[in-house]
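Colleague: I'd like a close look at just one part of this model, please. Take it slowly, as I'm new to this.

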Amino acid sequence: MTGHFATAKAGHDAGGLYVIVGEDEAYVYLCDGSLRGMAHPKKKNRRHIQIIKETVDQNILNRLLRKETVFDHEIKYAIKQYLATR
């Protein structure tokens, strides 16, 4: 799921669009590039998100999977590009 776009279904951030930047058994870690950056991703229960079948740019996806540095402005730009195509 890392690299997919997701919307929050529950909590005070419901309806927000994020990129999944990490995951473990019960939780995913979400970033939006502005309020929730790569330094402090939002920890969210898997049941409280809706995964979107679209993924970020292949370059960003590869860096996320290899645990390399991805900048907040890149996440923010990816979300902006996704919203422009909807």
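Modeller: Glu 23 is partly exposed, with a relative accessible area of 34%. Here, buried means under 20% relative accessible area, exposed means over 50%, and partly exposed is anything in between, using a 1.4 Å probe and protein chains only. Before we go on, bear in mind that this is a predicted model, where local features need pLDDT of at least 70 and side-chain atom pairs count only at pLDDT 80 or more, while totals for chains, interfaces and linings use all residues. Residues are numbered from 1 along each chain as its sequence is written, and side-chain values use heavy atoms, with hydrogens and water left out.

So what does Glu 23 do with its side chain? It forms a salt bridge with Arg 46, and the closest N and O atoms are 3.1 Å apart. By salt bridge I mean a side-chain nitrogen of Lys or Arg within 4 Å of a carboxyl oxygen of Asp or Glu. Side chains of opposite charge can pair when their charged atoms come close. Glu 23 belongs to strand S2, while Arg 46 sits in the loop between strand S4 (42–45) and strand S5 (49–55), so this pair ties together parts that are 23 residues apart in sequence. Strands (E, at least two residues) and helices (H or I, at least four) are DSSP runs, numbered from the N terminus.

The whole structure has four salt bridges. Another of them joins the side chains of Arg 63 and Glu 74, at 2.7 Å from N to O. This pair also links distant parts of the chain, since Arg 63 is in helix H1 and Glu 74 in helix H2, eleven residues apart. Here, though, both partners count as buried: Arg 63 has 11% relative accessibility and Glu 74 has 18%. Arg 66 and Glu 68 form a salt bridge too, with their closest N and O atoms 3.1 Å apart, and Glu 68 is partly exposed at 38%.

A nonpolar core is a set of buried Ala, Val, Leu, Ile, Met, Phe, Trp, Tyr and Cys residues joined through side-chain atoms within 4.5 Å. That core has 15 residues, and Phe 5, Val 19, Val 56, Ile 60 and Ile 75 touch the most other members. H2 gives the most, with four residues. If you skip its neighbours within four places in sequence, Ile 60 is in contact (heavy atoms within 4.5 Å) with Val 70, Glu 74, Ile 75 and Ala 78. Notice Glu 74 in that list: it's the residue that pairs with Arg 63.

Finally, zoom out. The protein has two helices and five strands, running β-β-β-β-β-α-α from the N terminus on. Of its 86 residues, 41% count as buried.
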